[in-house]
Amino acid sequence: MGRTRTGGFAPVASTPWSVFRRDHPRYALFYAPGRLVVVDASRAEQFESSVNDSATQTNAVATSLVRHAADAEARHRAIWTDPFEPVCLTLYLGNRCNLSCTYCFAAPSGTPSLPLSWPAIRPVAESVLTNCVKRGIPFATVFHGGGEPGLYPDLIATILDGLEQLAVARGLTVFRYLATNGVLPAARTRWLARRFDTVGLSCDGPPLFQTRQRPTSSGKPTSPAVERTAQIIRGERTRLHVRATITPLTMRHQADIVAYLCERLQPDEIALEPVYSGGRAGATTPWHREDAEVFVTGFIEARALASRFGVPLRPSISRPSETHGPYCNVARNVLQLVPGGVASACFKTNATDGGPAPMTAISSDASDNNELALDGARIARIRHLLSRWPARCQDCFNRFHCTLGCPDSCPLDPTTASAADFRCHVAKELTTRSLDDLAAAAWQDPAREDSIITIELSHHER
């Protein structure tokens with residue numbers, strides 16, 4: 001039938017909605033964003049006709065599939081057309097760091113930037129809190145950075161105390177997330193674990209990889225400190241996420257990395273992320289299209305191993321249970337402040353160092369009292385650029401769940417378009433394999449009674 005495009009899924013041609021088909025010997029898969037229908041091969045053509053004629057509602061499953069596709073398209077439009085009303089405040093405290101990671105996208109300069117201050121943060125936090133009240137959701141704050149936030153304990157204490165006071169006054173709870181390299185004194189680590197709800201710990205796996213990729217600024221190993229940090233966080237009963245950056249050096253060792261993380265750090269969740277371009281990693285992506293199959297195979301093996309430990313392993317590069325876009329903050333209702341008092345659309349912007357505002361800036365010091373003011377026109381331009389599907393994505397079944405090559409490829413910088421190739425193929429292949437696995441398991445279920453099976457992806461997050 002020639003259904004070989006877009007990772008084996010091809011659009012159901014006669015419908016304007018995002019419904020796709022993939023054939024197997026015994027059954028066909030019909031997919032709309034977030035929903036999978038498995039149909040006996042003998043009924044596949046009849047079911048496709050029902051999809052095309054869904055307006056007649058002669059087949060409830062086909063009608064529901066088309067409705068799911070229409071809802072996903074509406075949610076995607078809303079990402080770019082709903083007002084930008086941040087409900088999460090991400091803070092890059094400063095650019096100081098005690099590590100010298102070989103691939104650091106931020107590449108902290110030797111000259112420390114002037115860190116953020118509570119007076120600069122407070123009015124911004126109040127606007128985010130107002131949005132949270134409007135939506136009736138908790139206030140979320142993330143301490144991340146183009147440096148190590150754990151090097152600023154006094155500033156963290158001041159900010160957290162201030163944020164919590166503002167939130168309580170509005171009847172809101174606060175969710176607090178800290179991203180750290182884990183190379184900190186034990187007493188400080190324990191204090192941080194008590195102040196935050198979740199700690200995201202960066203560790204690239206066994207000492208061989210960790211030492212090579214994430215040494216201290218003086219070149220010393222960091223594994224002992226990271227293992228101690230994980231032990232302290234668990235001891236404080238704080239939720240622990242571990243993020244490992246996968247490089248071309250380590251992409252064939254993802255199962256080994258996960259085994260080490262599960263056995264030694266014992267996290268609640270693991271993320272394996274392919275290294276980003278930029279900073280110390282270099283301006284061009286280190287990945288090639290042919291690396292995608294190797295990466296995906298390694299990831300699948302690692303995910304199976306993590307499952308045996310009872311630890312979820314989820315990539316952010318493709319999330320079939322969600323409708324989302326790039327990592328860009330204006331697509332996620334996140335307000336990110338960096339040293340220099342600038343709000344940035346991109347997490348890779350770590351500081352302005354007093355120079356001109358970066359192209360990712362979405363703020364200006366336009367008010368009389370020098371408070372940060374969001375640049376609505378700039379936000380609208382960025383959103384417009386990001387909302388348009390690249391040509392390569394037009395018929396792709398995975399386009400609603402993919403970061404579209406971000407952060408290596410960005411519409412704000414047309415010269416980076418080719419950098420999307422690797423991430424594109426990884427995202428499609430991961431989703432294809434996940435859908436195939438779900439379909440196979442459902443089809444082989446001894447309790448199966450029907451020749452048509454509906455699977456809701458939100459109930460099967462992989």
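C88 counts as buried at 13% relative accessibility, where buried means under 20% relative accessible area, exposed over 50% and partly exposed in between, with a 1.4 Å probe and protein chains only. This is a predicted model, so local features need pLDDT of at least 70, side-chain atom pairs count only at pLDDT 80 or more, and totals for chains, interfaces and linings use all residues. Residues are numbered from 1 along each chain as its sequence is written, and side-chain values use heavy atoms, with hydrogens and water left out.

Back to the cysteines. The structure holds 0 disulfides, a disulfide being a pair of cysteine sulfur atoms within 2.5 Å. For C88, the nearest cysteine sulfur is that of C132, 8.4 Å away. C424 is in no disulfide either, and the sulfur of C396 is its nearest at 6.0 Å. C424 is buried too, at 14%.

On confidence, pLDDT is the predictor's confidence in each residue, from 0 to 100. The chain has a mean of 89, with 93% of its residues at 70 or more. Residues 1-7 fall below 50, and that stretch has 18 contacts in the model beyond near neighbours in sequence; contact means heavy atoms within 4.5 Å.

Now the sheet. Helices (H or I, at least four residues) and strands (E, at least two) are DSSP runs numbered from the N terminus, and two strands pair if DSSP finds at least two bridges between them. An open sheet of 8 strands runs in the order β10-β9-β8-β7-β6-β5-β11-β12, with mixed pairing. The edges are β10 (269-274) and β12 (342-344), each with a single partner strand, so one side of each has no neighbour in the sheet. From one strand to the next, the twist averages 20 degrees. β9 (residues 239-246) pairs with β10 in the parallel sense over 6 bridges, and H241 sits opposite E269 in β10. Helix α8 (residues 254-265) packs on the sheet, touching β8 (198-202), β9 and β10, with its direction at about 155 degrees to that of β9; axes are lines fitted to C-alpha atoms, for helices over the stretch in contact, and angles run from 0 to 180 degrees between N-to-C directions.

There is another strand pair to look at: 5 bridges join β4 (residues 35-40) to β15, and the two run antiparallel. L36 faces I455 in β15. In β15 (residues 452-456), 4 of the 5 residues are buried, so the strand is largely enclosed by the rest of the structure.

For helix packing, the axes of α2 (residues 60-81) and α10 (residues 376-387) come within 9 Å and cross at roughly 155 degrees. The two are therefore roughly antiparallel (under 35 degrees is roughly parallel, over 145 roughly antiparallel, 65 to 115 roughly perpendicular, the rest oblique). H76, I79, W80 and T81 of α2 meet R383, L386 and S387 of α10.

In helix α4 (residues 153-169) you'll find L163, buried with a relative accessible area of 0%. Beyond four places in sequence, L163 touches L89, W118, A125, F139, T141 and V174.

A cis peptide bond joins C406 and P407, with omega about 5 degrees; P407 lies in the loop between α10 and α11 (420-443). Two residues other than glycine with positive phi are tabulated here.
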